[in-house]
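This report concerns a single protein model, shown below.

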Amino acid sequence: MNSPTAPPLPEDLDSLLRRLRLPHVRRHAPEVLATAKAQRWEPAEVLRALFTAEADGRDRAGLATRRARAGFPTGKTFDAWDPAVSSIPAPTQQALQTLEWVHRRENLVVAGPAGTGKTFLLEALGQTAVEAGLHVAWFTLEALGVLVRAHRADDTVTKAVEKILRADLIVVDDIGLLPVGPDAAEGLYRLVDAAYEKRSIAVSSNLHPAGFDEIMPKTLATATVDRLLHHAHLCQTSGDSVRLAQALAGKGVKALT
């Protein structure tokens with residue numbers, strides 16, 4: 001059986017839908033109207049189909065926009081996450097995925113050796129937040145340092161940090177790999193201080209926060225950690241590097257042919 005022919009919309013209707021900014025209704029209307037005519041739909045069914053298409057389209061566009069603005073490093077989600085591999089207790093993993101801690105404006109610190117899934121977990125949580133309609137901002141310490149330097153000249157660092165706080169969840173990844181420069185240390189402190197009890201910050205670190213004074217000035221480290229940990233969930237990972245284990249097992253690359 002052939003599907004109903006979908007003639008183009010009349011120009012005035014097409015123009016009206018453009019004016020009202022209903023792109024998804026405009027895209028689906030020819031097919032919906034043709035189907036409605038062939039199957040003798042009630043008017044309410046036509047409206048339901050068209051507005052459902054618009055709502056779904058806007059949801060998809062909003063998700064794509066939030067995901068792009070977040071700046072995730074790889075795009076990893078919990079679809080590829082193996083909870084059994086992580087040393088973080090399964091109940092804790094499940095509780096974090098509910099995002100209740102984000103809604104309560106609490107922080108998350110994931111500390112442990114390299115390759116134990118810290119960044120993967122934070123990115124998957126960030127993706128979950130984005131899919132739930134929340135806004136996420138992803139940073140490295142180096143990126144925070146660049147931001148501070150860029151805004152120091154015209155004294156707009158505070159405004160730049162306030163802009164970051166428009167996100168519901170701010171992630172700072174990979175603290176502790178290298179010594180922290182003065183600009184990055186200032187950026188981390190400013191961000192943690194401004195977000196205190198207002199937004200959630202998630203941090204991954206090779207060091208326990210108690211050791212931050214090994215990589216940044218003690219005064220800044222103390223003030224930063226005090227605010228970061230006051231309302232924070234601290235998860236410590238352990239074990240060997242998953243990446244190294246996969247590489248030694250020949251799972252890091254596809255076999256050459």
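The text that follows treats the sheet, a helix pair and one further helix.

The model is predicted, with local features requiring pLDDT of at least 70, side-chain atom pairs pLDDT 80 or more, and totals for chains, interfaces and linings using all residues. Residues are numbered from 1 along each chain as its sequence is written, and side-chain values use heavy atoms, without hydrogens and water.

Five strands form an open parallel sheet in the order S2-S3-S4-S1-S5; strands are DSSP E runs of at least two residues, helices H or I runs of at least four, numbered from the N terminus. Two strands pair if DSSP finds at least two bridges between them. S2 and S5 stand at the edges with a single partner strand each, so one side of each is left without a neighbour in the sheet. S1 and S4 pair over four bridges, and Val203 of S4 is the bridge partner of Val109.

Helices H7 and H9 pack at about 95°, with their axes 7 Å apart. The two are therefore roughly perpendicular, a term covering 65 to 115 degrees. Contact (heavy atoms within 4.5 Å) involves these residues:

| Helix | Residues in the contact |
|---|---|
| H7 (141–152) | Leu141, Leu144, Gly145, Val148, Arg149, Arg152 |
| H9 (182–195) | Asp183, Ala184, Glu186, Gly187, Leu188, Leu191 |

In H8 (residues 157–164), Val157, Ala160, Val161 and Ile164 are buried, that is, under 20% relative accessible area, whereas exposed means over 50% (1.4 Å probe, protein chains only). These buried residues pack against S2, H7, S3 and H9. The face of H8 turned away from its buried side carries the exposed Lys159, Glu162 and Lys163.

Note on methods
Axes fitted to C-alpha atoms, helices over the stretch in contact; angles between N-to-C directions. Parallel < 35°, antiparallel > 145°, perpendicular 65-115°, else oblique.
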